[in-house]
Amino acid sequence: MMYDDHYGLSGRPFQLTPDPDFWFDTATHRKAMAYLGYGLSQGEGFVVITGEPGTGKTTLMGHLLAEIDRERLNVLKLVSTQIAADDLLRMVCAGLDIDSVGMSKAEMLSAIERGLHTVARSGRRTLLIVDEAQALPIDSLEELRMLSNFQAGGYPLLQIFLMGQPEFRQTLGDQRLEQLRQRVIAMHHLAPMDTDEVEPYLIHRLSCVGWRGKPRFTNDAITGMHRWSNGIPRRLNQLASRVMLFGAIERIDTFSGHDVAAVIADLDSDTAPLRSIPTRAFEERFPEREAKPVAVEALRPAPAPEPASERLERRIGDAALNRRIGELEQQLQQQDAALRRVLTLLVDWVETGATPSSPDIASLHGTAA
């Protein structure tokens with residue numbers, strides 16, 4: 001990426017893909033880790049972690065899995081997408097290397113219990129992690145509760161961590177899940193970062209890729225970034241990445257609140273709704289049958305100051321961008337010429353009433369390609 005070179009970084013510090021290597025110990029994540037650690041020490045029941053999208057649930061779990069002893073814990077991971085109860089059991093079977101093809105529900109349950117016993121005899125416990133748990137139907141959640149009942153010698157064979165968005169707490173309030181709620185031994189909601197956590201967070205991620213003090217962020221820049229992101233790590237990463245791209249283009253080493261505001265305006269314009277519908281009239285070679293332009297009323301935005309996105313695009317203007325624009329214009333011209341050729345052939349066939357010849361068909365195919 002362009003700003004990597006400008007700031008002398010070895011990688012992307014603000015990528016949107018969760019990466020445990022960039023783990024940052026905010027107050028809320030530290031508390032969540034404490035609850036997860038407590039749950040593992042108990043070795044039974046359910047631990048529930050919820051949070052808004054982008055608050056770091058996946059990163060949290062990745063950090064946990066990097067810390068645990070895989071010699072003592074067998075981990076199964078599921079990502080829920082409206083999984084029906086039977087399908088959920090089949091996914092658990094797959095995690096335990098059980099071939100469930102053709103099995104009934106009762107047979108799958110028996111096979112899962114045997115599989116859990118096999119893992120236990122090897123000296124390990126089994127942990128099932130379900131991500132996006134808010135998408136699970138009630139029946140599937142009840143099936144998980146039934147799985148948590150499997151025991152050997154009075155000790156549970158399976159422990160379950162449920163990760164979900166805030167609405168999952170409402171799901172758990174359903175009266176049909178009373179028995180599952182009684183098995184929840186810890187629950188935590190990941191809160192957004194506070195303002196005073198933003199700067200350490202930025203510095204930490206920059207330091208992971210070789211940051212040496214450039215760039216820096218002023219206090220008003222930090223405040224603006226927190227306000228726009230609402231303290232959500234993913235949104236903060238999105239903004240920070242664009243801020244640094246802007247800085248690389250403008251040769252900025254210390255970002256002010258004004259710089260951040262310019263980038264925020266650019267980001268907000270990216271997500272603005274479509275304001276107009278472009279139209280285009282195609283000409284035919286017969287004047288008497290010339291197509292008339294279709295009148296479409298375009299919605300025009302009210303006059304406004306030049307947005308930061310236009311100012312940024314105007315300043316980029318390097319040779320690579322100009323070359324790309326030229327290539328796109330050439331492609332559009334070629335497509336326009338091809339479409340005119342197709343229309344001409346179609347009109348010829350309609351006017352003459354003749355069956356198209358093989359060369360014409362070949363020409364048409366070549367034009368459409």
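**Exercise 1. Pockets of the predicted model**

Task: State how many nonpolar, polar and charged residues the lining of the second largest pocket has, and which residues lie nearest its centre.

Solution. 
Step 1. The lining of the second largest pocket has eight nonpolar residues, one polar residue and four charged residues. The model under study is a predicted one.
Step 2. Among the 13 lining residues, those nearest the centre of this pocket are Arg72, Leu73, Gly123, Arg124 and Arg125.
Step 3. The volume of the second largest pocket is about 240 Å³.

**Exercise 2. The largest pocket**

Task: Determine which helices each supply at least two residues of the lining of the largest pocket, and describe that lining by class.

Solution. 
Step 1. The largest pocket has a volume of about 380 Å³. It is lined by 26 residues, and Gly54, Thr55, Gly56, Thr59 and Pro233 are the closest to its centre.
Step 2. At least two lining residues are supplied by each of helix H3 (57-67), helix H9 (195-207) and helix H11 (233-250).
Step 3. H3 gives the largest share of this lining, with four residues.
Step 4. By class, nine residues of the lining are nonpolar, eleven are polar and six are charged.

**Exercise 3. Strand S2**

Task: Explain why strand S2 is described as largely enclosed, and name the bridge partner of leucine 73 in S3.

Solution. 
Step 1. Strand S2 covers residues 73-79; five of its seven residues are buried, so the strand is largely enclosed by the rest of the structure.
Step 2. S2 and S3 run parallel and are joined by seven bridges.
Step 3. The partner of leucine 73 in S3 is arginine 125. Both Leu73 and Arg125 are also among the residues nearest the centre of the second largest pocket.

**Exercise 4. The setting of serine 229**

Task: Decide whether serine 229 is buried or exposed, and list the residues it touches beyond four places away in sequence.

Solution. 
Step 1. Serine 229 is located in helix H10, which comprises residues 219-229.
Step 2. Its relative accessibility is 0%; because buried means under 20%, serine 229 counts as buried.
Step 3. A polar atom of the serine 229 side chain lies 3.4 Å from the backbone oxygen of histidine 226.
Step 4. When residues up to four places away in sequence are not counted, serine 229 touches Arg235 and Leu236.

**Exercise 5. The protein as a whole**

Task: Report how many helices and strands the protein has, and what share of its residues is buried.

Solution. 
Step 1. The secondary structure comprises 15 helices and nine strands.
Step 2. Of the 369 residues in the protein, 41% are buried.
Step 3. Among contacts with a separation of 6 or more, 74% are between residues 24 or more positions apart.

Technical notes. Residues numbered from 1 in each chain as written. Predicted model: local features only at pLDDT ≥ 70, side-chain atom pairs only at ≥ 80, totals over all residues. Heavy atoms only, no water. Buried < 20%, exposed > 50% of the residue type's maximum accessible area, 1.4 Å probe, protein only. Polar contact = N/O pair within 3.5 Å; in protein donor to acceptor, adjacent residues only side chain to side chain. Contact = heavy atoms within 4.5 Å. 1 Å grid on protein atoms, 1.4 Å probe; cavity = no way out; pocket = protein on both sides within 12 Å on 5 of 7 lines; lining within 4 Å. Points joined across faces, edges and corners; volume = space filled by probe spheres on them. Nonpolar A, V, L, I, M, F, W, Y, C, P; charged D, E, K, R; others polar. Pairing = 2+ DSSP bridges.
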